[in-house]
Amino acid sequence: MQTSRSKSCRCPSFKLREVASMYFTMIAVFLVILVVALQGSAPHGSDFPYKVPLDSQGLLELSWNVSYPEQDVYFQLLIRDLQFGLLFGMSDRGEFENADLAVLWSDGHNSYFGDAWSDNKGQLHMDSQQDYQLLGARRAPEGLYLLFRRAFSTCDPKDYLIEDGTVHLIYGILEKPVHSLQAINISAIHRGLQRVQLLKPNITIPELPRDMKTMEITAPDVVIPSQETTYWCYMAELPDNFLKHHIIMYEPVITAGNEALVHHMEVFQCAAEFDSFPRYNGPCDSKMKPDRLNYCRHVIAAWAMGAQAFYYPEEAGLAFGGPGSSRYLRLEIHYHNPLVFEGRHDSSGIRLYYTATLRQYDAGIMELGLVYTPVMAIPPGEDAFILTGYCTDKCTQLALPTAGIHIFASQLHTHLAGRKVVTVLSRDGRERQVVNADGHYSPHFQEIRMLKEVVAVFPGDELITTCTYNTKDRSRATVGGFGILEEMCVNYVHYYPQTQLELCKSAVDPGYLHRYFNLVNRFNDEEVCMCPQVSVPEQFFSVPWNTFNRDVLKSLYTFAPISVHCNKSSAVRFPGEWEKQLLPTITKRLREPVPRCPPAPVPRPVAPVPVNLGKLRRD
């Protein structure tokens, strides 16, 4: 390229316009040659270990890999029925406004690929910094493979920052030719959303024992209801006299053809206090579901779309079977059927891998966060209301072994208003480490995630869990509780060795909340009834949510003493004084991570990359 430019400079007879024309023509030719060369190198499926269908029909399939040394994500997109292009990208919560997009489009004759962004009205613009880098495109019998990469952080204000936690992927299908990127009307195209964890941890898979056995917990021949969302419950039972074993791994079992409909699954163990549980195979919200199934809440396996097999560390396994362990399990499957398919049969579930050769440690599951109580509430109309639950130093000092515990996995949980969740380890008043964080959390995408590094927790440490909620669409207060329109703030941490501590949570002291209601009565014309027969939720529902009442409630939750629940598996608290405990004092916070910016690109004209896709389908 440099040689060509120097030759043109030796010809004084050339006018500036002609030189510019030749320059940009050669750039276009170079890009075409580059793309043709890239199309010759077909990506190998084994290079992309993570895979998820984007749409319910399975027409779009995304595979990806993560390079932590390069800080890049490599994408392979399979388009089974290419028409005139595709939009693929990321946004804060799956919106098509203010989105970061890679776009493939065609005018019917020529095709192009480019990095774009959408404004708050959904209008597309070519990005001045092209950070989606096309690496290849090839035809195959199953469709078109598009290979491209993107850095975690680009330091481009129009780009999405790829972080740990949930990523909302968006896609749109172009069914008609378009003459330019700006001519694409995103409101008029078929489009959708998929949630994944892009930045999977790079963990070595432990060696599995020779005596390993498998057990499939699957719902037999379910006819998926013809509605968008269904939660299906199925009761399973371990064999009689099933001795203690260790679960060392589990993976999904998905009925072929239903990969795009099975959204997530969980296996719960039932409470050991009951000798038997009724059989059931039906919708979880059915009036026919026996009430006793509500006592099956101890999660032993959880999978969500895009997740791979889950492995326990080689030194630990999750105990099930034997004395003190219930033989009854409840499988819960979330079917997402937006196209309302009818008559689809499914026998999906989770395959457990277990061994009778017990490992060194029993793994345990501990609940962190807020107690399920209505004293923790969120006013209506809030964009980002924060609630925090504390596992205090007093509790860990009493309940943890001297050598501490090791957290290796975590499952974050809220109900529908949850937007962010983070748990931080604090020691001696200083924040030391983030245990798990999800800045784009969605209650519709919950999975047990293996941590990138094991977190050691010692006696005297504090585990502080903070949840952020959005109640913009609600007209009355949202209180804590078990109902789907009530709220939770929980982190189920998986750790070893197992201890007696099963729940370490908090809630505001009820006496201080009573003082809040008194204050509201004093400064507002509308009276909040505090009669003995009026429940806390009813008192919250009667609060007039002006600025003063909102701000005072926020302040209450940030300074008022707390009631600490430092509970054994029997739901009994450890001995001690747990009421009216002062909030932990944090003297030093963790610094916000600073994104690593790649080298600034050499300034060049912003132009889409031509792509040779051959003949496109016309209806």
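Gln 71 lies in the loop between β2 (60-67) and β3; helices (H or I, at least four residues) and strands (E, at least two) are DSSP runs, numbered from the N terminus. The model is predicted, so local features need pLDDT of at least 70 and side-chain atom pairs count only at pLDDT 80 or more, whereas totals for chains, interfaces and linings use all residues. Residues are numbered from 1 along each chain as its sequence is written, and side-chain values use heavy atoms, with hydrogens and water left out.

Most residues other than glycine have a negative phi, and most peptide bonds are trans. Gln 71 is not a glycine, yet its phi is positive, at about 60°. With a relative accessible area of 24%, Gln 71 is partly exposed; buried means under 20% relative accessible area, exposed over 50%, and partly exposed in between (1.4 Å probe, protein chains only).

## Two further backbone features

Lys 580 is another residue other than glycine with a positive phi, near 50°. Lys 580 is placed in the loop between β35 (562-568) and β36 (609-611), and it counts as exposed at 53% relative accessibility.

Tyr 496 and Pro 497 are joined by a cis peptide bond, with omega about -10°. Pro 497 belongs to the loop between β33 and β34 (501-508).

## The chain as a whole

The protein chain contains six helices and 36 strands. Of its 619 residues, 52% are buried. Contact means heavy atoms within 4.5 Å. Among contacts in the protein chain between residues at least 6 apart in sequence, 77% join residues at least 24 apart.

## A sheet of five strands

Strands of a sheet pair through backbone hydrogen bonds, either parallel or antiparallel. Here, an open sheet of five strands runs in the order β1-β2-β3-β9-β8, with antiparallel pairing; two strands pair if DSSP finds at least two bridges between them. The edges are formed by β1 (50-53) and β8 (133-140), each with a single partner strand, so one side of each has no neighbour in the sheet. On average, neighbouring strands of this sheet are turned by 20° against each other, direction ignored; the axes are lines fitted to C-alpha atoms, for helices over the stretch in contact, and angles run from 0 to 180 degrees between N-to-C directions.

Within this sheet, strand β3 (residues 72-79) pairs with strand β9 (residues 143-151) in the antiparallel sense over eight bridges. Phe 75 stands opposite Phe 148 in β9.

Strand β4 (residues 85-91) pairs with β10 in the antiparallel sense over six bridges, and Phe 88 stands opposite Tyr 171 in β10. Strand β11 (residues 190-196) also pairs with β10 in the antiparallel sense, over seven bridges; here Arg 195 in β11 is the bridge partner of His 168.

Rolling a probe the size of a water molecule over the atoms shows where empty space is left. On a 1 Å grid over the protein atoms alone, a cavity is a set of points where a 1.4 Å probe fits but cannot get out, and lining residues have an atom within 4 Å of a point. Grid points are joined across faces, edges and corners, and a volume is the space filled by probe spheres set on the points. By this rule there are four cavities of 30 Å³ or more, and the largest cavity holds about 70 Å³ of space. Of the 15 residues that line the largest cavity, the closest to its centre are Leu 370, Met 376, Gly 480, Glu 487 and Met 488.

Met 488 is found in the loop between β32 and β33 (490-496). It is buried, with a relative accessible area of 9%. The C-alpha atoms of Met 488 and Tyr 372 are separated by 6.4 Å, although these residues are 116 residues apart along the chain. Leaving aside neighbours within four places in sequence, the contacts of Met 488 include Tyr 372, His 413 and Phe 482.

Key:
On a 1 Å grid over the protein atoms alone, a cavity is a set of points where a 1.4 Å probe fits but cannot get out, and a pocket is an open set with protein on both sides within 12 Å along at least five of seven lines; lining residues have an atom within 4 Å of a point.
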